[in-house]
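My notes are set down in the order in which I looked things up.

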Amino acid sequence: MARIEERLWLDIAKRLPVGDDIKVIHKGCGQRESLFIKNEADSWWCFCHRCGGTSRIDKQYQRIVQRAPAQTGWFPKATEAFMDSVVKNPRQFADAIKRFRLAGHVSRLTFSPDTMRVYLPDESKNWLGLDVTGGAMVRWYSPTKTAYATAGRQDSAVLVTRDHVKYLDSVAAERRACLVMNRLGERACAAYLASLRPTNVLVQGNHPRAFLAELRAITEKLIYVDG
């Protein structure tokens, strides 16, 4: 996530009453008022809804230590737009957004405060979630044990990948994609593709031979793509 230069926002933040916020044009990032600026009791901060850039200045030194929930084997009780969570506290999520390359897809994700996981756009209802605390034993976790997700406009070609960013890129481009991360996920993907019968299956990344054999039996053409 890019850091926004202080000269573009800090003076504005300091002029705001404590607790107030404002949206202004982010210079060099379009002509709409996409830069959210806030003056909080302990800090001044900003977040750009357009580019995902952020910055924060603490009024006094504070360190936020995030901890993973004591349990991870449940479905999220509630979710909210990840963008809303980031706007509320950009510093809490800045590291995860950078580490997992999510900046270009923040608006497509959801977040659960009770599981502290970010969830992908997905029609399979497996709730494959990414831990954003850095403290969970398992980075990607599904309460169904099926690490699989699928979304995007149905077409004659479907992308199968183990890379969540490639998956999100495909969904953003309105192309159908399947994300698989374990054997149960591969089985779920194969079952879905068997029902869909796409003309082409685009395979990105490394996959077990047994899974590739299943895919060859399902589709007319298996195409390996770079990336």
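In which strand is Tyr141 found? I looked it up and placed Tyr141 in strand β9, keeping in mind that this is a predicted model.

Then I turned to helix α4. The strand β9 (140-141) is among the elements that cover the buried residues of α4, and this cover also includes β10, β11 and β12. I listed those buried residues as His164, Val165, Tyr167, Leu168, Ser170 and Val171. At the start of the helix, a side-chain oxygen of Asp163 comes to within 2.8 Å of the backbone nitrogen of Val165, and just after α4 I found Glu174 with a positive phi of about 60 degrees.

Next came the sheet. I traced five strands in the order β10-β12-β11-β13-β14, forming an open sheet with mixed pairing. The edges are taken by β10 (148-151) and β14 (221-225), each of which has a single partner strand, so that one side of each is left without a neighbour in the sheet. Neighbouring strands are turned against each other by 20 degrees on average, direction ignored. For the β13 (residues 200-204) and β14 pair I recorded parallel pairing over five bridges, with Asn200 standing opposite Lys221 in β14.

Helix α4 (residues 164-172) lies across β10, β11 (157-161), β12 (177-180) and β13, and runs at about 165 degrees to β12. Helix α6 (residues 209-218) also packs on the sheet, where it touches β11, β12, β13 and β14 and makes about 135 degrees with the direction of β14.

My last entry concerns α5 (residues 183-196), which packs with α6 at an angle of about 5 degrees, their axes lying 10 Å apart. The two helices are therefore roughly parallel to each other. On the α5 side the contact is made by Arg183, Glu186, Cys189, Ala190, Leu193 and Ala194, and on the α6 side by Phe211, Glu214, Leu215 and Ile218. Sorted by class, this contact has seven nonpolar, three charged and no polar residues.

Note on methods: Residues numbered from 1 in each chain as written. Predicted model: local features only at pLDDT ≥ 70, side-chain atom pairs only at ≥ 80, totals over all residues. Heavy atoms only, no water. Pairing = 2+ DSSP bridges. Helix = DSSP H or I, 4+ residues; strand = E, 2+ residues; numbered from the N terminus. Axes fitted to C-alpha atoms, helices over the stretch in contact; angles between N-to-C directions. Contact = heavy atoms within 4.5 Å. Buried < 20%, exposed > 50% of the residue type's maximum accessible area, 1.4 Å probe, protein only. Polar contact = N/O pair within 3.5 Å; in protein donor to acceptor, adjacent residues only side chain to side chain. Parallel < 35°, antiparallel > 145°, perpendicular 65-115°, else oblique. Nonpolar A, V, L, I, M, F, W, Y, C, P; charged D, E, K, R; others polar.
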